[in-house]
Amino acid sequence: MPLSLPLHLAQRILIGVSEEEEISTVEETLEQVKTLGKVRVRGKMFDANNQTLTMLCECREAVDPTKVPPEVISLKEGSKWKIIVAEQETNSDLFTEKLDRFLRDEGKTLADVKRLCDPSTSWNSNPESIIRAVGDVLQSKPNESNLYRRFRIFSGVHPTPPGEDNLDSWLEQVKFMTDEYECSDKEKRRRIIESLKGPALEIIQAVRMSNPMANHMDYIQALESTFGTSESGEELYLTFRAMHQRQGECLSNFLLRLERSLNKVVQKGGLQVDEANKARLEQLIKGATESDFMLLQLGLRDKRSDPPTFLSLLKEIREEEEREAARQKLKKPAQRQYVHAVQVASETDSKDL
């Protein structure tokens with residue numbers, strides 16, 4: 001049976017306010033309207049179309065919709081807020097639709113509200129139970145801000161200033177963390193925005209103005225296209241195939257450099273995903289000019305027909321590097337001990353002097 005909100009809930013109001021407005025100011029402003037009485041904000045959601053907040057409020061006293069003004073002026077900013085009161089069935093449906101969107105954006109549903117309503121009363125006859133259930137549902141929602149640590153800073157300035165990430169490092173951590181953790185798109189957008197400054201932040205502001213419905217992946221793609229490389233997948237693949245081990249660089253570090261380059265190639269379409277293992281191994285063998293003996297020890301040339309994955313290859317190489325380090329430590333000769341002879345004059349000789 002589909003859920004619907006009772007018409008009595010028209011006595012509860014929704015208002016559109018700026019993102020910067022404090023909840024205490026909203027409540028104080030609404031309480032200036034005598035017919036509303038004591039007001040408490042029970043929840044809010046961001047309206048991407050109007051770049052404002054829609055708030056769900058509770059009035060302790062019974063409200064006469066005919067005495068509620070269509071607008072109210074903020075005590076702090078002086079801006080006008082529109083008050084929506086559902087007096088007719090169509091408005092009630094609109095209210096229900098907005099509340100449903102609000103709950104879905106917060107990861108909840110109207111069914112969650114219904115479960116928390118007072119079981120001794122009817123769902124359609126107790127608006128006080130419903131409005132309190134909505135508040136309880138929102139308060140039971142985990143704090144997404146604590147789900148993962150803050151992103152590192154990226155500004156798009158070159159060379160990269162101290163304390164900031166370059167684009168590749170920033171994208172690597174943002175893509176991983178936004179994919180790994182389950183939270184609303186709104187929280188992901190907020191996390192991205194708070195990690196940006198300077199030119200990078202200006203790009204996202206432009207994206208929000210041109211497309212208010214943009215999601216977090218739109219933000220990432222805009223930054224990647226603005227500050228990333230303009231090389232095609234084929235050009236990146238040629239760069240990858242020309243990589244060589246640096247002097248003094250261990251094989252595992254060379255593999256990590258290869259992997260970062262290979263990921264860019266795949267993302268740009270220069271290589272199919274199922275071909276990555278083969279290309280990685282071939283370039284490792286070709287470019288490892290400082291580790292011929294280790295390649296022989298690991299038998300990597302014999303694995304070309306069935307190349308290992310990146311993690312398997314990295315594990316094999318690091319284990320071999322640890323064994324080699326242990327062998328080198330055993331080969332070091334023990335330090336020679338030198339005994340210094342000190343001639344001490346006898347007591348008789350001292351008296352003769």
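The questions and answers below concern a predicted model of a protein chain, with attention to some of its helices.

Reader: How many helices and how many strands are there in the protein chain?
Author: The model is predicted, and of the 353 residues of its protein chain 39% count as buried. As for helices and strands, the protein chain has 14 helices and 5 strands.

Reader: Is helix α10 roughly parallel or roughly antiparallel to helix α13?
Author: Helix α10 covers residues 251-267 and helix α13 covers residues 310-331, and the two pack with their axes 9 Å apart at an angle of about 160°. Since angles over 145 degrees count as roughly antiparallel, α10 is therefore, relative to α13, roughly antiparallel.

Reader: Which residues of α13 does α10 meet?
Author: The crossing in which α10 passes α13 is left-handed. By class, 7 nonpolar, 1 polar and 3 charged residues make up the contact of α10 with α13. From α10 come L251, S252, L255, L256 and E259, and the residues that they meet in α13 are F310, L313, L314, I317, R318 and E321.

Reader: What distance does helix α11 reach from its first C-alpha to its last?
Author: Helix α11, residues 276-287, has 12 residues, for which 16 Å is expected at 1.5 Å a residue. The model comes close to that expected value, since from first C-alpha to last α11 reaches 16 Å.

Reader: Which helices do the buried residues of α11 pack against?
Author: The buried residues of α11 are A276, A279, R280, L281, Q283, L284, I285 and G287. The helices against which these buried residues pack are α9 (233-241), α10, α12 (292-298) and α13.

Key:
Residues are numbered from 1 along each chain as its sequence is written. This is a predicted model: local features need pLDDT of at least 70, side-chain atom pairs count only at pLDDT 80 or more; totals for chains, interfaces and linings use all residues. Side-chain values use heavy atoms; hydrogens and water are left out. Axes are lines fitted to C-alpha atoms, for helices over the stretch in contact, and angles run from 0 to 180 degrees between N-to-C directions. Helices (H or I, at least four residues) and strands (E, at least two) are DSSP runs, numbered from the N terminus. Angles under 35 degrees count as roughly parallel, over 145 as roughly antiparallel, 65 to 115 as roughly perpendicular and the rest as oblique. A crossing is left-handed if the near helix is turned anticlockwise from the far one by less than a right angle, and right-handed if clockwise. Contact means heavy atoms within 4.5 Å. Ala, Val, Leu, Ile, Met, Phe, Trp, Tyr, Cys and Pro count as nonpolar, Asp, Glu, Lys and Arg as charged, and the others, Gly among them, as polar. The expected span of a helix is 1.5 Å times one less than its number of residues. Buried means under 20% relative accessible area, exposed over 50%, partly exposed in between (1.4 Å probe, protein chains only).
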